[in-house]
Amino acid sequence: MTIYRIPQAPSDRRPATGLVVVTGVCGFVGSHLAEHLLAREGTKVLGVDLRKPDEDPRTSAIMAELQARPGFELVSADVGDAAVAARLKEAAAVVHLAAPTDVAASWGSGFADQTASLLSSHRLLEGCANARVPRVVVASSAHVYGHVVGPAREDTPVAPNSPYGVVKLATERLAMAFARRPGSTMSAVAVRLFTGFGTRVNPAMVVPRMFRSALTKQPMPLYGDGRVTHTWTHVDDLVDALTRAIGIPLEAGQAEVVNAAGADQASLRQVGDLIGQIVGSPVLWEPAGERPGDTAGLHADLTHAHRILGFAPRVGLREGLESLWQTYAVGPATAAVPAERQTR
């Protein structure tokens with residue numbers, strides 16, 4: 001099996017300190033980001049999430065830990081609510097992660113969640129502009145690219161092939177517009193996150209489902225032939241890219257778009273083979289045809305991310321899968337699959 005490595009170029013750039021507002025803090029990436037930021041001297045975190053901190057079994061334990069730490073505060077509200085806007089004047093930066101994450105559901109009834117999320121993002125950005133927040137980082141997605149031949153660069157023409165991707169593109173463009181508006185005191189970075197995995201990942205996502213298949217010996221759906229390669233990104237690398245985006249030197253009115261992706265590219269079948277080796281039993285597949293909105297072998301070009309953020313992925317695919325397997329020792333096969341509306 002061949003896994004393609006992306007060259008690394010480590011950097012010692014460090015983010016700004018102060019109060020960082022993290023939306024979607026009860027989600028997969030948000031909980032990891034809050035935990036990471038609180039470990040940095042001089043940084044406080046105001047977490048924002050519509051869900052209650054004990055609502056999601058994936059993150060309830062870490063949310064309880066975070067709430068017990070000095071420097072962390074949680075606001076249980078929609079990101080566009082007045083309760084959030086009232087706190088933005090204190091913020092050195094806002095990292096906006098809150099969003100529905102179900103690509104397939106965005107074609108149907110789930111699109112209502114997507115449109116509500118976009119409206120909330122607009123209200124949040126308006127609040128940031130009014131409060132003169134100096135830096136806004138928004139989580140975009142590799143899904144904005146659609147089908148791309150060759151590595152996806154930030155200047156590659158975007159053509160989202162799902163409603164989810166369309167809304168992600170609209171969100172990053174909104175952030176760019178607010179930053180570049182005449183008289184703006186804000187700078188913005190849109191970080192296009194590629195397929196993520198790691199502890200506390202949504203169990204409905206493909207990597208946890210592969211682990212469950214290997215453990216339970218129950219087949220999981222295989223969309224397409226499973227042979228096109230994708231870029232796989234450990235959550236530690238996603239958090240590193242987002243943290244760097246908080247602190248890069250940008251003038252008011254400037255905006256950047258950067259990819260955040262892992263070091264390894266592999267197909268679904270190759271990832272399944274790795275998981276089978278780690279677990280000691282194979283992942284079983286059940287052909288399910290094609291699925292609208294799936295990206296066809298999207299690979300990340302990280303040249304711009306290296307130059308702008310000093311970002312280089314550090315966690316390899318096998319290393320990340322083995323680390324995730326250690327957390328599954330208590331039995332991921334019994335993990336409940338959550339509802340469609342999720343935060344990052």
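**Figure 1. Pro57 in the loop between strand E3 and helix H2 of the predicted model.** The model shown in these views is predicted. Pro57 sits in the loop that runs between strand E3 (43–49) and helix H2 (60–67). Pro57 counts as exposed, at 69% relative accessibility. Arg200 is 143 residues away from Pro57 in sequence, and the two C-alpha atoms are 8.9 Å apart in space.

**Figure 2. Arg200 in the loop between strand E8 and helix H6.** The loop that holds Arg200 lies between strand E8 (196–197) and helix H6 (206–216). Arg200 is not a glycine, but its phi is positive, at about 70°. Most residues other than glycine have a negative phi. Is Arg200 buried or exposed? Arg200 has a relative accessibility of 18% and counts as buried, because the cut-off for buried is under 20% relative accessible area. The C-alpha atom of Arg200 is 8.9 Å from that of Pro57, and Pro57 counts as exposed.

**Figure 3. Arg132 in the loop between helix H4 and strand E6.** Arg132 lies between helix H4 (111–131) and strand E6 (135–141), in the loop that links them. Its phi is near 60°, a positive value in a residue other than glycine. Arg132 is exposed, and its relative accessible area is 56%. Arg200 also has a positive phi, of about 70°, but Arg200 counts as buried.

**Figure 4. Helix H6 and the elements packed against its buried residues.** Which residues of H6 are buried? They are Val207, Pro208, Met210, Phe211, Arg212, Ser213 and Ala214. The strands against which the buried residues of H6 pack are E8, E9 (220–222), E10 (229–234) and E13 (285–287). The helices against which they pack are H8 (268–279) and H10 (317–327).

Figure 5. Ser267 is part of strand E12, which covers residues 264–267. Ser267 counts as buried, with a relative accessibility of 4%. Which residues is Ser267 in contact with, leaving aside its neighbours within four places in sequence? On that basis, Ser267 is in contact with Gly226, Arg227, Val228 and Thr229. For Arg227, the separation from Ser267 is 40 residues in sequence and 5.1 Å in space, C-alpha to C-alpha.

**Figure 6. Leu274 in helix H8.** Helix H8 contains Leu274, and H8 is one of the elements packed against the buried residues of H6. Leu274 counts as buried, at 3% relative accessibility. Leu274 and Glu322 are 48 residues apart along the chain, and their C-alpha atoms are separated by 9.3 Å.

**Figure 7. The contact of helix H4 with helix H5.** The axes of H4 and H5 (residues 163–180) come within 10 Å and cross at roughly 10°. H4 is therefore roughly parallel to H5. By class, the residues of this contact are 11 nonpolar, four polar and one charged. From H4, the contact takes in Phe111, Gln114, Leu118, Ser121, His122, Leu125, Glu126 and Ala129. From H5, it takes in Pro163, Tyr164, Val167, Ala170, Thr171, Leu174, Ala175 and Phe178.

**Figure 8. The contact of helix H1 with helix H7.** Helix H1 (residues 28–38) and helix H7 (residues 235–247) have axes that come within 9 Å and cross at roughly 60°. The angle makes H1 oblique to H7. The crossing of H1 and H7 is right-handed. On the H1 side, Phe28, Val29, His32, Leu33, His36 and Leu37 take part in the contact. They meet Val235, Leu238, Val239, Leu242, Thr243 and Ile246 of H7. The residues of the contact of H1 with H7 comprise nine nonpolar, three polar and no charged.

**Figure 9. The whole chain, for orientation.** The secondary structure comes to 10 helices and 13 strands. The chain has 344 residues, and 56% of them are buried. Among contacts between residues at least 6 apart in sequence, 84% join residues at least 24 apart.

Notes. Residues are numbered from 1 along each chain as its sequence is written. This is a predicted model: local features need pLDDT of at least 70, side-chain atom pairs count only at pLDDT 80 or more; totals for chains, interfaces and linings use all residues. Side-chain values use heavy atoms; hydrogens and water are left out. Axes are lines fitted to C-alpha atoms, for helices over the stretch in contact, and angles run from 0 to 180 degrees between N-to-C directions. Helices (H or I, at least four residues) and strands (E, at least two) are DSSP runs, numbered from the N terminus. Angles under 35 degrees count as roughly parallel, over 145 as roughly antiparallel, 65 to 115 as roughly perpendicular and the rest as oblique. A crossing is left-handed if the near helix is turned anticlockwise from the far one by less than a right angle, and right-handed if clockwise. Contact means heavy atoms within 4.5 Å. Ala, Val, Leu, Ile, Met, Phe, Trp, Tyr, Cys and Pro count as nonpolar, Asp, Glu, Lys and Arg as charged, and the others, Gly among them, as polar. Buried means under 20% relative accessible area, exposed over 50%, partly exposed in between (1.4 Å probe, protein chains only).
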